[in-house]
Amino acid sequence: MDKLVINGGKSLNGSVTISGAKNAVVAIIPAALLVDGKCIIENVPTIDDVSVITDILSQLGAKIKLINKTTLEIDCTHVDTYCADNSMVRKMRASYYLMGALLGKFNKAVVSMPGGCDFGSRPIDQHLKGFKALGAEITQENGNYSLRADQLVGSHIFFDVVSVGATINVMLAAVKAQGLTIIENAAKEPHIVDVANFLNSMGANIKGAGTDVIKIKGVDFLRGGTYSVIPDYIEAGTYMLMAAGVGGDVIIKNVIPKHLESISAKLIETGANVVEYDDSIRVINSSRLQPCRIKTLPYPGFPTDLQPLAVTLLTTASGTSYVNESVWDNRFQYIDELRRFGANINVDGNTASIEGVSRLEGCQAKAVDLRAGAAMVMAALMAQGQSEITNLKYIDRGYEDLEEKLTNLGADIKRICDFEGSPLNIAN
Ligand code: EPU
């Protein structure tokens, strides 16, 4: 099994460039199914989730070319199957976008139930509610969803919960439906705006993405074109929190500072210095941080995906902090791993209380999911002594060149590869 060996206690200094957004690109790639013609997608991160979703599209008959490290050409004109029911689909959460995309393209879809990181129950009832409102009949058999409509017709949909996946999925299905679809209580994450911008640049008519009401006027045809994916605000937030927690002076380049406001605000509250520029952000810290309270919320609130890194940040603050997870039922599974570093954390329901300790100590710990994996790396960078982090398959799903980027910032981090099991074979 591959592992990262990290000698902690070294400050981070210099600059890091942020890659394209994982949660945008894993929706934009399946969205290309709706387009008749070639889509050139730029600023694509090199991460395992992208390999998996492009492999799934290739299996469906899409022609995909890597033009350069960050640019893909996707041509789905000749895709003629609406069945995506295989083990690859079951391994990945974002494969649920195949439902909306195939339904939008063919008026029918057979898609395996999606997998993904384990944060407790991950229902997709709101996705299904949206598809049904557009006229699809849905059955469930042998681990697959089967969706079928004579003709998708625009509808007025009010989501019961704010869901990123349901908002994007219904947008995908509605883009070529007959008439007007209105989504109320839509999610507002930057990747929702990015998927809408991608579809609009190919000829769709979507208005209001980024607000809680999205209006989609169905069109007959989407043409090919070129689109560049937005920077990953969760990756940017990861480096911001690492810079503040480990200490140092880091400029995070290729970001949209507006997307990072909830993170900047919390870092400033804890005493770190944050400076915003047009498309970069600088985080400086050399002292012990103040404790604080954080509650995760849908965008523009503090992102759940940075909750494990925020908890890690507060493990050495000068007092007791409270972090409330309000998006997922069970996103504290990594806390036992964090305790191995000497962190003093008590979890009661959806709230972690973190008693700041004077320092963390190096240890062996494992990534239990993608963001928790990044949190383990952060704890190891903050700790005195050597740590080993295993289960890197999770980290490789969503962080491009993590150890190279950290090495460039002065971290002492090395990957020890076990060549028997290539990380590219696994994407959960
Ligand atoms: N929910 C429902 N019913 C639904 C859909 C969601 O009850 O039909 C609930 C969920 O159980 C959860 C909440 O609504 O409590 C939010 O779920 P959402 O649908 O927004 O999550 P998702 O679309 O499955 C995406 C990201 C996650 C991120 C969440 C929240 C992708 C591929 N995944 O998941 O990202 O945590 O939004 O922001 O976009 C990650 O990148 O590490 C990651 C897990």
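This is a predicted model: local features need pLDDT of at least 70, side-chain atom pairs count only at pLDDT 80 or more; totals for chains, interfaces and linings use all residues.
Four strands form an open sheet in the order E18-E19-E21-E20, and their pairing is mixed. Strand E18 (293–295) and strand E20 (344–348) are at the edges with a single partner strand each, so one side of each has no neighbour in the sheet. On average, and with direction ignored, neighbouring strands of this sheet are turned by 15° against each other.

Within the sheet, strand E19 (residues 320–324) and strand E21 (residues 351–355) run antiparallel and are joined by five bridges. Thr320 has Glu355 in E21 as its bridge partner. Helix H10 (residues 307–314) lies across E18, E19, E20 and E21, and the helix runs at about 175° to E19.

**The cavity**

A search of the whole structure finds one cavity of 30 Å³ or more. The volume of the largest cavity is about 40 Å³. Its lining consists of Ala21, Lys22, Asn23, His191, Asp232, Tyr233, Ile234 and Arg371. The table gives the lining by class.

| Class of lining residue | Number of residues |
|---|---|
| Nonpolar | three residues |
| Polar | two residues |

Methods. Residues are numbered from 1 along each chain as its sequence is written. Side-chain values use heavy atoms; hydrogens and water are left out. Two strands pair if DSSP finds at least two bridges between them. Helices (H or I, at least four residues) and strands (E, at least two) are DSSP runs, numbered from the N terminus. Axes are lines fitted to C-alpha atoms, for helices over the stretch in contact, and angles run from 0 to 180 degrees between N-to-C directions. Contact means heavy atoms within 4.5 Å. On a 1 Å grid over the protein atoms alone, a cavity is a set of points where a 1.4 Å probe fits but cannot get out, and a pocket is an open set with protein on both sides within 12 Å along at least five of seven lines; lining residues have an atom within 4 Å of a point. Grid points are joined across faces, edges and corners, and a volume is the space filled by probe spheres set on the points. Ala, Val, Leu, Ile, Met, Phe, Trp, Tyr, Cys and Pro count as nonpolar, Asp, Glu, Lys and Arg as charged, and the others, Gly among them, as polar.
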